[in-house]
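Here is a briefing on the structure shown below. It covers chain pairing, nonpolar cores and the DNA surface.

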There are 4 protein chains.
Amino acid sequence: MTRATGDKRQQILAAATEIFAARGFYQAKIADIAAAAGVGKGTVYEYFRSKKDLFQQLLLHLFNAHLDHLLKVVQEPDLAGFLERLFRESLSYFQAHQEIARILLSDHPPIDAATQRLLFAAKQEKLQRMAAYLKAAAERGEMRPVSPWMAANLIAGFIAALGHQLFFDSDMDFDPAAIASEAAAMILQGIGG
Amino acid sequence: MTRATGDKRQQILAAATEIFAARGFYQAKIADIAAAAGVGKGTVYEYFRSKKDLFQQLLLHLFNAHLDHLLKVVQEPDLAGFLERLFRESLSYFQAHQEIARILLSDHPPIDAATQRLLFAAKQEKLQRMAAYLKAAAERGEMRPVSPWMAANLIAGFIAALGHQLFFDSDMDFDPAAIASEAAAMILQGIGG
Amino acid sequence: MTRATGDKRQQILAAATEIFAARGFYQAKIADIAAAAGVGKGTVYEYFRSKKDLFQQLLLHLFNAHLDHLLKVVQEPDLAGFLERLFRESLSYFQAHQEIARILLSDHPPIDAATQRLLFAAKQEKLQRMAAYLKAAAERGEMRPVSPWMAANLIAGFIAALGHQLFFDSDMDFDPAAIASEAAAMILQGIGG
Amino acid sequence: MTRATGDKRQQILAAATEIFAARGFYQAKIADIAAAAGVGKGTVYEYFRSKKDLFQQLLLHLFNAHLDHLLKVVQEPDLAGFLERLFRESLSYFQAHQEIARILLSDHPPIDAATQRLLFAAKQEKLQRMAAYLKAAAERGEMRPVSPWMAANLIAGFIAALGHQLFFDSDMDFDPAAIASEAAAMILQGIGG
DNA sequence: CATGAATGAGCATTCATTCAT
DNA sequence: AATGAATGAATGCTCATTCAT
């Protein structure tokens, strides 16, 4: 009975994550989300201005939570450890929160130019942080003098590709630690014989 | 008046490519596509069972055309040449056909489980072909004994990531050849110092 | 089968007149109007941009038709004949088209500032025409030197008041000719003893 | 803190007058009225059964207040004085309470058959009182032997028409005394030359 | 008494699809 | 074959009303 403030808002966000992940923006019905959250349709509108607003807030919420999660990894002092942890944490996170993965790894329909920009900016920030880390690593002599921006895209692209394989091919079972280890090695040493 | 058979069908597919790319599946209206194709709304239904059917056929059409385009690259005898051509051709192709890039690089909202599977299968085939090429390269001693499947994802992920950067950040100008060259080198040699 | 063009549009306008008159703007449901017109809901939107648009077009349509009807009366050469015909025609018209009376004699909720202005302007035109006729009558010596604008309001107000009595008190039966005759006399001679 | 009983009820009625006048019944939101009254939404329902009930009570309240105001006029011993005071007081009252004018002079959408009847009855009472006064005046020889009911409608219609002109054409400035004087003369002497 | 968070019935509007021509 | 007028199922959102505190 003594629920914390924002309880309903959290219920709605959780339900929205589930429904949007399962059906996508256009197929997700406010009625479904409300039902899944255990609240009335009108209540959704007490907390969010519109369906679009709900989706946008959810997107940024998830993205920022994910980013915060990854920020710890940046602490790793050496590049090899950084890469391995980055892959391992990313894959574990996605494995543990498959609906979130489905939302974050998907491209979303152009809901809105502003939202689009917001999300693009969020993704860019992730790349920037990675590029910054890589630049520092290059200065420490841990990375060959390749473009940090290209390298960041290499890494991010690999994570996304693995994520797609692992989560959109739903019945695949895997060990994040093992894959992460191999992935990090491939990034560092290349595949050339 | 003496248009070749299949003319209208092609007009519709071309218009659909443009409209779906610009607006996404749910925002694209059959009326818009028909207008862009210069035919009546009813005519669209002479050639395609439904909007979903049109989208699915378009998707596979584009994907197969893209795949065919890439198949020539597989002819390349050595891994380095293969990679460089793969990147160069992919980026050039996307640069020349930005609307197609927008469709192929996007994850589409779950139109339909069947369509989803179809598209997933198509993407898997691309990965399989790459993996097969890499396996052969490994046997030729051109690739270290890494998992061909992982390597294929590394490459495909990098292409997608670069494509996103280049085509969703619309005002970016770039030289496919230069980027392809650097990308191939990064894949082969890794980034480790 | 060979209905004239604009047939559906006319059916809808007729149904809208009936429904708006019976229930007012906000209680009139598009579904009711469509049903009364014998068309599908969607069809209403083929001919009118929105419920507001339908109402506005109907309002102006009815008002102009009514105005046209009254314009003939202005032909009357002498003031007494003018007044008597004006009252008789107005009351007969309203008696014959009670739904129209209900719409024209009512003040409508502020649908829209633009519509409001439009309708106000239409009503003003009616007053202007009356005032112009009265001014001419004054110059012919048929009217005492009172303000034509005041006189126009006196007449229009009387018509509206009688209309209200007669049509909003639905079960009243009356003879337009008799009332018109008495009304014209009261306007001309006043009520003073 | 030590507000008189009925204080809140009065606040709500005052706020409702303002909001209903500005927006009309359907556009007026209970939330707006509550906010304007400085009370909670729920409080409105402590004093009024429903929005309809609030509107109906307000309508009758305003109408009766207006009627009471006019009743003093009936005291006037002679018809000319009666008419001039009636016009002057009506126009002054409306000028001083424009929101009330907007409500009383408007026809309201058929909220409800019962409300409709109630309001119609109220308006009829006003006409009846006028007719009664006129009948007495006729017996005093101050009015020609015209139908008191017709005369009452002539007067009431004129007041309403003037009110519409003056209050719905918002930027008009005028002198009630001057207009009242001319109006009374027109009613008494007619406009005939 | 007072409150406002919660609710869900109700409705305008959209648009894929059909079918008479 | 080609068309587009006609259709109605489907859904986001509003707001009067309730009731637990």
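Beyond its neighbours within four places in sequence, C:F158 contacts C:A183, C:I187, D:N153, D:L154, D:G157 and D:F158. Two residues are in contact if their C-beta atoms, placed from the backbone, lie within 7 Å. The model is predicted: local features need pLDDT of at least 70, side-chain atom pairs count only at pLDDT 80 or more, and totals for chains, interfaces and linings use all residues. Residues are numbered from 1 along each chain as its sequence is written, while chains are lettered from A and ligands numbered from 1 in the order in which they are written.

**Nonpolar cores**

- The largest nonpolar core has 112 residues, and C:F158 and D:F158 touch the most other members.
- α8(C) gives the most to this core, 13 residues.
- Another core, of 111 residues, lies apart from it, and its members include A:F55, A:A180, B:I100 and B:I103.
- A nonpolar core here is a set of buried Ala, Val, Leu, Ile, Met, Phe, Trp, Tyr and Cys residues joined through C-beta atoms within 7 Å.
- Buried means that 20 or more other C-beta atoms lie within 10 Å of the residue's own, with C-beta atoms placed from the backbone; exposed means 12 or fewer, and partly exposed is in between.
- In soluble globular proteins, nonpolar side chains tend to be buried together.

**Chains C and D**

- The contact joins 39 residues of chain C to 38 residues of chain D.
- On the chain C side, α1 (7-27), α8 (148-168) and α9 (176-189) each supply at least two residues.
- Helices are DSSP runs (H or I, at least four residues), strands are E runs of at least two, and both are numbered from the N terminus.
- The largest share of that side, 12 residues, comes from α8(C).
- By class, the side has 21 nonpolar, 12 polar and six charged residues.
- Ala, Val, Leu, Ile, Met, Phe, Trp, Tyr, Cys and Pro count as nonpolar, Asp, Glu, Lys and Arg as charged, and the others, Gly among them, as polar.
- Superposition is by least squares on the C-alpha atoms of residues with pLDDT of at least 70 in both copies.
- The copies meet through the same surface, because 97% of the interface residues of chain C are also interface residues in chain D.

**Chains A and B**

- Here 37 residues of chain B meet 39 residues of chain A.
- α8(B) gives the largest share of the chain B side, 12 residues.
- That side divides into 20 nonpolar, 12 polar and five charged residues.
- Chain B superposes on chain A by a rotation of 179 degrees with 0.0 Å of shift along the axis (RMSD 0.3 Å).
- This is the relation of a two-fold axis.
- B:G190 comes closest to the rotation axis among the residues of chain B, at 1.6 Å (C-alpha).

**DNA strand F**

- Of 31 residues around DNA strand F, B:G40, B:G42, C:G40, C:G42 and C:T43 come nearest.
- A residue counts as near if its C-beta atom, placed from the backbone, lies within 6 Å of the strand.
- The surface near DNA strand F divides into nine nonpolar, 10 polar and 12 charged residues.
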